[in-house]
Amino acid sequence: GFLAFATDLKYLGSFDPPREGWTFDGINVGGISGLSLADDGSFFAISDDKGKNIDPPGVLYNLDIRFNETGIQGVGVVGIVHLRTPDGSFYTSGSIDGEDVLWTPDSFIVCSERDLGNNPWVRIFSHSGKFLSKIPIPDKFIPLFNVDSKEQIQGTRTNLSFEASALSPDYATLYVMNEEAL
């Protein structure tokens, strides 16, 4: 059978992060992209700054977002997680373009729109930022170019790939949204 339900949504407001001067423990806060709710009621956001203002890139912000039925009362950073590459080092400038993060009880699932080779990826990290594994990306998403004409003939377009993601309630199925057609 098919189960359907409807609910009413109420807009509570928005938060416009400061463009400059927002730091936590000396680390710039900015370029916030995806947002995920943890089971303790805090949120995790990923920075999509590729290394221009945040060095090293690949940062998750643990946010305390205070809200009630009248709107958003405040947003504060309460912690930072530095994501690590498979070899344990920090990401270098341009090697991550974080667009979404999903909190799970055991890990973070992170989508990057592109790496240094313009390839999108989805990786799993521990809650401390250690690389755990990668999710294989089907070939049709990997950019491929005609050797002679340099024309792209396959894959995601530059800076238009994995933009959003979601998990089923049982954490068994991952959905990833592409920003634009292949």
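Exposed here means over 50% relative accessible area, and buried means under 20%. That cut-off is handy for the close-ups below, which come from a predicted model.

**View 1. Asp25, out in the open in a loop.** Asp25 sits in the loop that links strand S1 (23–24) to strand S2 (27–28). With a relative accessibility of 69%, Asp25 is over the 50% mark, so the residue counts as exposed. The backbone is worth a look here too: phi of Asp25 is positive, at about 50 degrees, even though the residue is not a glycine. As background, most residues other than glycine have a negative phi.

**View 2. Lys150, another positive phi.** Lys150 has a phi near 65 degrees, a positive value, and is a residue other than glycine. Its setting is the loop between strand S11 (144–145) and strand S12 (152–154). Lys150 counts as exposed because its relative accessibility is 61%.

View 3. Moving to strand S11, we find Leu144. Leu144 counts as partly exposed, given its relative accessibility of 40%. Setting aside residues up to four places away in sequence, Leu144 touches Glu151, Gln152, Ile153 and Gln154. Glu180 is 36 residues apart from Leu144 along the chain, and the two C-alpha atoms are separated by 16 Å.

**View 4. The cis peptide bond at Pro56.** Zoom in on the bond from Asp55 to Pro56 and you'll find a cis peptide, with omega near 5 degrees. Pro56 belongs to the loop between S4 and strand S5 (59–68). For context, most peptide bonds are trans.

View 5. Not counting residues up to four places away in sequence, Leu60 touches Ala45, Ile46, Gly79, Ile80, Val81, Leu83, Val101 and Phe108. In soluble globular proteins, nonpolar side chains tend to be buried together.

**View 6. Phe24 and its partners.** Phe24 lies in strand S1. Beyond its neighbours within four places in sequence, Phe24 is in contact with Val29 plus a run of residues made up of Val77, Val78, Gly79 and Ile80. Cys111 is 87 residues apart from Phe24 along the chain, with 23 Å separating their C-alpha atoms.

View 7. Asp97 is found in the loop between strand S6 (71–82) and S7. The contacts of Asp97, leaving aside neighbours within four places in sequence, are Asp48, Lys50, Cys111, Ser112, Glu113, Arg114 and Asn159.

**View 8. Ala164 in strand S13.** Ala164 is part of strand S13, which covers residues 162–167. A relative accessibility of 26% means Ala164 counts as partly exposed. Once residues up to four places away in sequence are left out, Ala164 touches Asp100, Tyr175, Val176 and Met177. Leu35 is 129 residues apart from Ala164 in sequence, yet their C-alpha atoms are 9.7 Å apart in space.

**View 9. Stepping back to the whole chain.** The protein has zero helices and 14 strands. Its C-alpha atoms fill a box of roughly 60 × 55 × 30 Å along the principal axes. The radius of gyration is 18 Å, which agrees with the value near 16 Å that a compact globule of 182 residues would have. Of the 182 residues, 40% count as buried. Among contacts with a separation of 6 or more, 42% are between residues 24 or more positions apart. The accessible surface comes to about 10,900 Å², and carbon and sulfur atoms account for 52% of it. As for charge, there are 13 positive and 25 negative charges, and their mean positions are 4 Å apart.

How values were computed. Residues are numbered from 1 along each chain as its sequence is written. This is a predicted model: local features need pLDDT of at least 70, side-chain atom pairs count only at pLDDT 80 or more; totals for chains, interfaces and linings use all residues. Side-chain values use heavy atoms; hydrogens and water are left out. Contact means heavy atoms within 4.5 Å. Helices (H or I, at least four residues) and strands (E, at least two) are DSSP runs, numbered from the N terminus. The radius of gyration is taken over C-alpha atoms; the globule rule is 2.2 Å times the number of residues to the power 0.38. Buried means under 20% relative accessible area, exposed over 50%, partly exposed in between (1.4 Å probe, protein chains only). Accessible areas come from the Shrake-Rupley method with a 1.4 Å probe; for residues, only the protein chains shown count as cover. Lys and Arg count as positive and Asp and Glu as negative; His and the chain ends are not counted. The place of a charge is taken as NZ of Lys, CZ of Arg, CG of Asp or CD of Glu.
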